[in-house]
Amino acid sequence: MNAAPETVFDPVRITAQPQAIAGCVAPDYYAAEVEHIFRRVWLNLCHGSELPNPGDFLVKPVPTLGVEVILLRRDDGGINAFYNVCTHRGNKVVRTRDRGNARAFSCGFHGWTFDSAGALIAVPDEAQFSGLERCAYGLKPLATAQWQGFVFVHPQSPAPQPLEEWLAEVGRNLDGGPLTDLVPTARFRAEVQVNWKVFSDAFCEGYHVATIHRRSIADAFISQENPYCHLAGMRLYRHHSMVSVRGGNPNHQATPTEKLIGKFGGSSYGAGQEGGFDHLPAGLNPERVADWNFDIVNLFPNFAIHVGADFAYSYNFWPVAVDRTVWEVGIYQAPPQNWSQDVALNYMRILLRDTLREDVNTTEATQANLMSGVLESITLSRQEAVLSHRYQVVDTLLAEAGWRP
């Protein structure tokens, strides 16, 4: 990957042309994305809090690559990552559980054993393997790095560039922000019949809020001054993007449940933040609009984090076919200090879960219609510039790899 500095793009220029549909419906385009993008970039797999102690391991599927990865916390606090593939006959090394604590792993097929550094340390009946050199048969590693509590892997080891260089300015924008104080409190997972880009498109703009969420959160976000939920700001970089989402309709009439939650010290989704935002890093809500609710941080290709002043939630969009995506959602909150706060935080989790169900509601129908060939292009407004930007990044990286549709 080219390590050129991040560049800020002009949203007006980005949306000058309608977006082609071929990249969302063509199987050969999907195959090229897997080979030339997903096998060549940093990918988020988990949160570091899932591996709290030395020797803790986690087996995570990487659906797009069709393989599992073993993540293991080292004694020095770092994390090792290996493909869950025995180098003897290709069996899974870890099969019976997806997490635990171990200093070695033994394949259940023939008993080949690997230590926590991935080295092959035992081979039953080793004398029958002519000229076997154990050092050549360790577990296949992936590069690993951590950022803001999140664990990333790179299919190539060593990685062609450090994670911080890949994240560039977007990564620095969140330094000193709320993510370091948050821990996972809920996770959801689903497989949806939609292209990964079309799926991600549903979560990158506010244009849909007044319609899709009209029975849930729309009134908390939509105001007379901002009836179409225009974004507070947008930053488009070489690979990634950030947008700032407004919330906190001053005329919103809180429901009895919202009033009760507020009494307990919580807030409803979209209620804004009291006391200003000076405690946030300059990269979050850089416009410092008073009705800001959260920033959407899109880390190319398939990881997005919605970061508020005291909460966050993340999406991983794992393509498994041109029209099928495995979707993983994580919710991150500060640990509650009492039972009342715990109730308030759980309210937000449920509200977010139900809101996400509304978001997903349109995706499969959209994909089916795109596959039909009725439309030749997708027309995007300036408010949807992040969508167009992602398509352009995909096309650019495929072209740099020498692939042409």
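The model is predicted. The helix contact joins α3, residues 27-38, and α11, residues 385-400. In the strand group, β3 pairs with β6 and is also joined to β4.

**Helices α3 and α11**

- The axes of α3 and α11 come within 10 Å and cross at roughly 70°.
- Angles of 65 to 115 degrees count as roughly perpendicular, and α3 and α11 are therefore roughly perpendicular to each other.
- On the α3 side, the contact is made by Tyr 29, Ala 32, Glu 33, His 36 and Ile 37.
- On the α11 side, Val 394, Asp 395, Leu 397 and Leu 398 make the contact.
- By residue class, the contact of α3 with α11 divides into six nonpolar, one polar and two charged residues.

**Strand β3 and its cover**

- Strand β3 spans residues 56-62 and is mostly covered.
- Of the seven residues in β3, six are buried.

**Partners of β3**

- With strand β6, residues 99-101, β3 pairs in the antiparallel sense over three bridges.
- In this pairing, Leu 58 stands opposite Arg 99 in β6.
- Strand β4, residues 67-73, runs antiparallel to β3, and six bridges join the two.
- Here Val 59 stands opposite Ile 70 in β4.

**The hairpin of β3 and β4**

- Strands β3 and β4 form a hairpin with four residues between the strands.
- Gly 66 takes a positive phi near 65° in this hairpin.

Key: Residues are numbered from 1 along each chain as its sequence is written. This is a predicted model: local features need pLDDT of at least 70, side-chain atom pairs count only at pLDDT 80 or more; totals for chains, interfaces and linings use all residues. Side-chain values use heavy atoms; hydrogens and water are left out. Axes are lines fitted to C-alpha atoms, for helices over the stretch in contact, and angles run from 0 to 180 degrees between N-to-C directions. Angles under 35 degrees count as roughly parallel, over 145 as roughly antiparallel, 65 to 115 as roughly perpendicular and the rest as oblique. Contact means heavy atoms within 4.5 Å. Ala, Val, Leu, Ile, Met, Phe, Trp, Tyr, Cys and Pro count as nonpolar, Asp, Glu, Lys and Arg as charged, and the others, Gly among them, as polar. Buried means under 20% relative accessible area, exposed over 50%, partly exposed in between (1.4 Å probe, protein chains only). Two strands pair if DSSP finds at least two bridges between them.
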